[in-house]
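Colleague: I would like to learn how to read a model like this one. Can you take me through it feature by feature?

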Amino acid sequence: MKRDLLLEIGVEEMPSAFMAGALNDIKELAEQKLTARRIGFDQVDSLGTPRRLVLHVKGLEEKQEDAVIAARGPKKASAFDPQGNPSKAALGFARGQGIEAADLQIREVDGIEYVFAVKTELGGMTEEVLPEILLDIIHSLSFPKSMRWAYYQTRFARPVRWLLTLYGNRTVNVQIENVFSGNSSYGHRFLAPDNFVVNSIDEYFAQLRQRYVIVDHRERKNLIWEQVQETARQAGGKAMENDELLEEVCFLLEYPTAFAGRFSPSYLDVPAEVLTTSMIEHQRYFPVFDDQGRLMNAFIGVRNGTAASLDIVRAGNERVLKARLEDALFFWKEDTAKALADFVPGLHKVMFHERLGSIMDKVERLQKLAVFIGQQTGLSCPDQLERAALLCKADLLSNMVYEFPELQGIMGRYYALQSREEEEVAQAILEHYMPRFAGDELPASPTGTVLALTEKLDNLTACFAIGIRPSGSQDPYALRRQALGVVNILTETNIKTDLRLIINAACQGLVNVKTEGDVQQFTDELMDFIRQRQRGILLDKGFAFDVIDAVLALSLSDLNDIQDRVKAVQEFKATEKYEDFMVVFNRSHNLSKKWDSTAVNVEYLKDESEKALYQHLVQAQPLVSQCLQAGDYTQAMHRLAALRVELDRFFTAVMVMVEDENLKAARLGMLKTIAGLCVQVADFSKII
Amino acid sequence: MNFQEIILSLQDYWSKQGCIIQQPYDLEKGAGTMNPATFLRCLGPEPWKVAYVEPSRRPTDGRYGENPNRLQHYYQFQVILKPSPDNVIELYMESLRQLGIDPDQHDIRLVEDNWESPTLGAWGLGWEVWLDGMEITQFTYFQQCGGFDCHPVCAEITYGLERIATYIQNKESVFAIEWVDGITYADVHHQSEVDYSHYNFHGADVEALITMFNICEQEARRVADLHLAQPAYDYVLKCSHLFNLLDARGAISVTERTGYIARVRNIARIVAKEYMEQRQRLGYPLLKDDKLRQQLLQDVEVEG
């Protein structure tokens, strides 16, 4: 008979950021471990609150499945004598396996016959193995940070305080340090603190609800969002949609009650981002917006408990937010009392990196490089680029950014506008950090686009120049993210430019920096590093890895060109002509692989087929080159594919590797020429 | 409840929970954690329960007495429970009830907040405790101290006394807190906040501070060599405070900063080691479980 299994790990308040991962892990671990122990089940579910991780296995079989275990013994040849009697080796093996020699079976492995001892291991009762499995699951859970407590060696996200286990109506015995499993649990920390006994799994869920715990995080999250929206509506606005915040709030409480609070409209003079950051980051409140999307002087908080004495809670929260906003207003006034440009000289004193100088040194590099990239890409103009580069780090010295580092750039834009800088310059200050995370917006203004590229390429080049490389999960300078940003900006906005030239310019900007290794070498490494990020992006876009690798093998330095080629080859691969093309490439490439010269001395050609091939080749060559020049790779491949007819005739008619060295050289020269044209599109030998 | 009643109430409560009520340590320090009653006592196997008020200094937080919430000198109420008891959170909640804060009437949350002190080579995991959205307490399970694993692990509860008082008394500014009838926090501390802000940001003599730092660092090492753990620790505390002053004075660049922190951490580690060896030489007198005591001493001999 199937029964449900329930495990509740009672913990002191878990970090909310760990919960999603932990709930996913506990489910997967249960599925793996039960399957490995051959215990069938219908479904595994996991639920949780800050104080409990709950595993619910539905329809768990009461018995393990039987297992057939086959152990390999000696080869058949040495297991039996010519009369078919078992040898000493076979008898010894059978004895070792605990079976009769007569029961040995013969099976073939890789063409050789062996004797096998095949035994059926009877499945035990689930109940008997459950303690071990549950303990294994608990100990296998890992967290981004875990801790010890009291005298114990066990590590967990936070101390384990109780364990509830039920298989059907019976407890499974598990022990974690001084905590023994039982059939009781606890309700809400304040509203139902007493221990209560649970007789069945259904009762567990019903009891928790009565005791102010919504244990299912999905239900709780929905409930919170409904309450937040409704409360915002009553306050006359709309709550900000922010899934990250919602998830965090969900894992900060067991029983939600949303409430609306107010603050003085006078704080609305401060930019909305400052107020919302303070509300979200410091207080986990949902900001409220009016119909026009303007921030209102209201917020939605969610309390861990019922609506009882909600006014006290509201008043307390309003007071706290007021102090926070008062700080923000003070910072805003202080910061805007002087022009943004007046912060710049202070950047001399702020270290960027001990080997790369101050932020001011960096700003000076950015100014030069931005103008160069502007010229290379034909975007923006030197005046705006220099100005934006000069000002882009100034807000780091503002009070506001000191308090809220995540507002860097955002404050720079506001302060630039307050200081009457050009709109384009102000926008570029904001945009030069973009994209800040995967899926973030890309810079939209021309100056912002150039400055965003400049910022990232200066960081990448400077780090590579002093020997910093990301390794494994270690990437403290977020170089992968920045390289991804470079690829995304260049390819999404279709900027054709020679990245190597820009990196060279960035290298030249590294005056007074002691670089590690040869410039050529780390430039190559950096180009490869960026192309590897592009490889990932192209894979995500659905391009085949072999096509991508074929193009990347050419070590091109225009990322749009790389993308165009990948697109062209992948599309061409789906057409009829692709086969012709690959025949042309393979036949010409395979034979001429070890041949270096493309020279063809026509005088030595004698067969009609090779003369004809040569004619076609001579005609096709400039046309293919033109296509390549124009970036029309599809047409180039079509033209090369068209050589198949003549090439096939040629191969049917003559042998390439003849004794006549001159003739051989001429023939190989033609093949080398053809193969050489093919690999100007991509290295097709990489294509599977 | 006035300011001193809050302190007395916490002392009374934790005293009833079996804590020694110690007094502040007589040297400048950034937090109650740096009092040897925490920093040294949390090392080694001996149990320890203590509570005390700690005047704490953060020179960079000075605001000339103008900011309602920031002070360069403030008070913490520190509790150490070693080993951490199973019901430590319940004990803490009960202490709030003693202050007239009924958790049922409020919204109390434990929000992840991990603590790290690079200068002390110490870190732990825990929470900040929120009372209706305001952080009133820092709650930490020490994992390492002076670079050594804490075993057993202790629970540290640090109440922000000014925060709690402004809440209980419903005041907008710490300076308005009623210390005792007719005397406010401002009466006691305002002028010194102003003066120290001037001193910390402008008045302190950088060269003298650097000289003092170097002397104190040397002295910490010299005294530690004499196996005098706590006297050596005094100089760790002095170094730490001198570093904070230099920092407030803007005299330390980002690169130098790491260097100074490492220097303080190194002497903190030396002192922590001296202290642990001393406790062992003394035979762990606070371990009342004689079997465990003999066992631990024997283990050390075997390892040694």
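Modeller: We start with the ground rules, then take chain B, its domains, the cores and some backbone details.

Modeller: This is a predicted model: local features need pLDDT of at least 70, side-chain atom pairs count only at pLDDT 80 or more, and totals for chains, interfaces and linings use all residues. Residues are numbered from 1 along each chain as its sequence is written, while chains are lettered from A and ligands numbered from 1 in the order in which they are written.

Colleague: What is the radius of gyration of chain B, and what would a compact globule have?

Modeller: The radius is taken over C-alpha atoms, and the globule rule is 2.2 Å times the number of residues to the power 0.38. For 304 residues, a compact globule would have a value near 19 Å; chain B has 20 Å, which agrees. Its C-alpha trace spans about 60 × 50 × 30 Å along the principal axes.

Colleague: How many helices and strands are there in chain B?

Modeller: Both are DSSP runs numbered from the N terminus: helices are H or I with at least four residues, strands are E with at least two. Chain B has nine helices and 11 strands.

Colleague: Which domains does the assignment give for chain B?

Modeller: Domain bounds come from an automatic or database domain assignment. For chain B it gives domain 1 (3–201) and domain 2 (205–291). Their C-alpha centres lie 22 Å apart. Next comes the contact between them. Two residues are in contact if their C-beta atoms, placed from the backbone, lie within 7 Å. Domain 1 of chain B puts in 27 residues and domain 2 of chain B puts in 26. On the domain 1 side, β2 (48–57) and α5 (185–203) of chain B each supply at least two residues.

Colleague: What share of chain B counts as buried?

Modeller: A residue is buried if 20 or more other C-beta atoms lie within 10 Å of its own, exposed if 12 or fewer, and partly exposed in between; the C-beta atoms are placed from the backbone. In chain B, 46% of the 304 residues count as buried.

Colleague: Which residues touch the most other members of the largest nonpolar core?

Modeller: General idea: in soluble globular proteins, nonpolar side chains tend to be buried together. A nonpolar core is a set of buried Ala, Val, Leu, Ile, Met, Phe, Trp, Tyr and Cys residues joined through C-beta atoms within 7 Å. The largest has 264 residues, and those touching the most other members include Ile300(A), Leu640(A) and Val236(B). Helix α7 (residues 229–248) of chain B gives the most to this core, with 12 residues. A second, separate core has nine residues, among them Ala79(A) and Tyr114(A).

Colleague: What is Ile300(A) in contact with?

Modeller: Set aside neighbours within four places in sequence. Its partners then include Val228(A), Ala258(A), Tyr285(A) and Phe286(A).

Colleague: Where are the cis peptide bonds of Pro435(A) and Pro152(B)?

Modeller: Look at omega. From Met434(A) to Pro435(A) the bond is cis, with omega near -10°. Pro435(A) is in the loop between α14 (423–431) and α15 (446–465) of chain A. His151(B) and Pro152(B) are also joined by a cis bond, with omega about 0°. Pro152(B) lies in the loop between β8 (148–149) and β9 (155–160) of chain B.

Colleague: Is Ser380(A) buried or exposed? And Ser555(A), buried or exposed?

Modeller: Ser380(A) has a positive phi of about 55°, although not a glycine. Ser380(A) counts as buried because 24 C-beta neighbours lie inside 10 Å. Ser555(A) has phi near 50°, also positive in a residue other than glycine. Ser555(A) is exposed, with 12 other C-beta atoms within 10 Å.
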